[in-house]
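Take a look at the fold below before reading on. Start with the sheet, then follow a few residues.

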Amino acid sequence: MSVDRARVERLTRELLEAIGEDPDRPGLKQTPTRMGDLYAEFFAGVGEDAAAPLAHTISVARGPAPDTLPSGAVLLRDIRFRSVCEHHLLPFAGRAHIAYLPGEQVVGLGALVRVVEILAGRPQVQERLGEQIADTIAEHLDTRGVLVVLDASHGCVTMRGGRQPEASTLTIAARGEYTEPIARAELIALIGSSGSGMAHG
């Protein structure tokens, strides 16, 4: 299901009128169109299958490098993402870190990025986003464990209410072997030692 841009434009005009503005004044005349484009981009993941990027797998034993079987985790750090909080429709953005223990089948690293992008392209809360990423990878990839760490800065915290511009939120979702704290401790340390650290977007 794609975003109904024309309807977003109409509703944006109505919203501008509701706050006492004139949607036809020069500075706002193109705002409804811009909002249509913006919402189409921000919510491109609505209705999209987040597991689709994981459909094309590579055999470890029969793949291009069968002599380099992974004995430990595959860790992809610092995936930049942005989403929209469903409570106030304000953006939140930061970095995702994903680790998994591969079995016989692995995927290209870009597939993991796409999973994040698709699931972030919906009205979200950070806690659920991390769980959905972990579930998608655990259910559709040959893996013994999955760990997803999200570190993000939220507009609803930085721009409204208490207005804490430096605050960031860290969430952890674990599946399989990584539900054991000892098993994931090394990965948490590796993520924290990255160039950006547990930095917000």
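The paragraphs below go from the whole chain to the sheet and then to single residues.

This is a predicted model, in which local features need pLDDT of at least 70, side-chain atom pairs count only at pLDDT 80 or more, and totals for chains, interfaces and linings use all residues. Residues are numbered from 1 along each chain as its sequence is written, and side-chain values use heavy atoms, with hydrogens and water left out.

Begin with the whole protein. It has 6 helices and 7 strands. Both are DSSP runs numbered from the N terminus: helices are H or I with at least four residues, strands are E with at least two. Along the sequence the pattern reads α-α-β-β-β-β-α-β-α-β-α-β-α. The C-alpha atoms fill a box of roughly 65 × 35 × 25 Å, taken along the principal axes.

Now the surface. Of the 201 residues, 40% count as buried. Buried means under 20% relative accessible area, exposed means over 50%, and partly exposed lies in between, with a 1.4 Å probe and protein chains only. The accessible surface comes to about 10800 Å², and carbon and sulfur atoms hold 54% of that. These areas come from the Shrake-Rupley method with a 1.4 Å probe; for residues, only the protein chains shown count as cover.

A contact here means heavy atoms within 4.5 Å.

Next, the sheet. Five strands form an open sheet in the order S5-S2-S3-S6-S7, with mixed pairing. Strands S5 (123–124) and S7 (169–176) stand at the edges with a single partner strand each, so one side of each has no neighbour in the sheet. Two strands pair if DSSP finds at least two bridges between them.

Walk across from S5. S2 and S5 pair in the parallel sense over 2 bridges. Val84 has Pro123 as its bridge partner in S5. Val84 also has a bridge partner in S3, namely Pro91.

S2 (residues 74–85) then runs antiparallel to S3, joined by 9 bridges. One of the pairs is Arg82 with Ala93 in S3. The hairpin of S2 and S3 has 5 residues between the strands, and there Leu89 takes a positive phi near 55°.

S3 (residues 91–102) is joined to S6 (residues 143–154) by 11 bridges, and these two strands run antiparallel. His97 stands opposite Val149 in S6. Tyr100 stands opposite Val146 in S6. S3 is mostly covered, with 10 of its 12 residues buried. In a regular strand the side chains alternate between the two faces of the sheet.

Not counting residues up to four places away in sequence, Ser83 touches Leu90, Pro91, Phe92, Ala120, Arg122 and Gln124.

Gln124 takes up the story from strand S5. Gln124 is buried, with a relative accessible area of 1%. A polar contact of 3.2 Å joins its side chain to that of Arg128. Such a contact is a pair of N or O atoms within 3.5 Å; within protein, one must be able to donate a hydrogen and the other to accept it, and residues adjacent in sequence count only if both atoms are side-chain atoms. Beyond its neighbours within four places in sequence, Gln124 is in contact with residues including Ser83, Val84, Cys85 and Phe92.

Finally, turn to Thr57. Where is Thr57 placed? Thr57 sits in the loop between helix H2 (31–42) and strand S1 (58–59). Thr57 counts as partly exposed, because its relative accessibility is 29%. Its side chain makes a polar contact of 2.8 Å with the side chain of Gln105. Leaving aside neighbours within four places in sequence, Thr57 is in contact with Gln105, Val106, Val107 and Leu141. Thr57 and Glu21 are 36 residues apart in sequence, and their C-alpha atoms are 52 Å apart in space.
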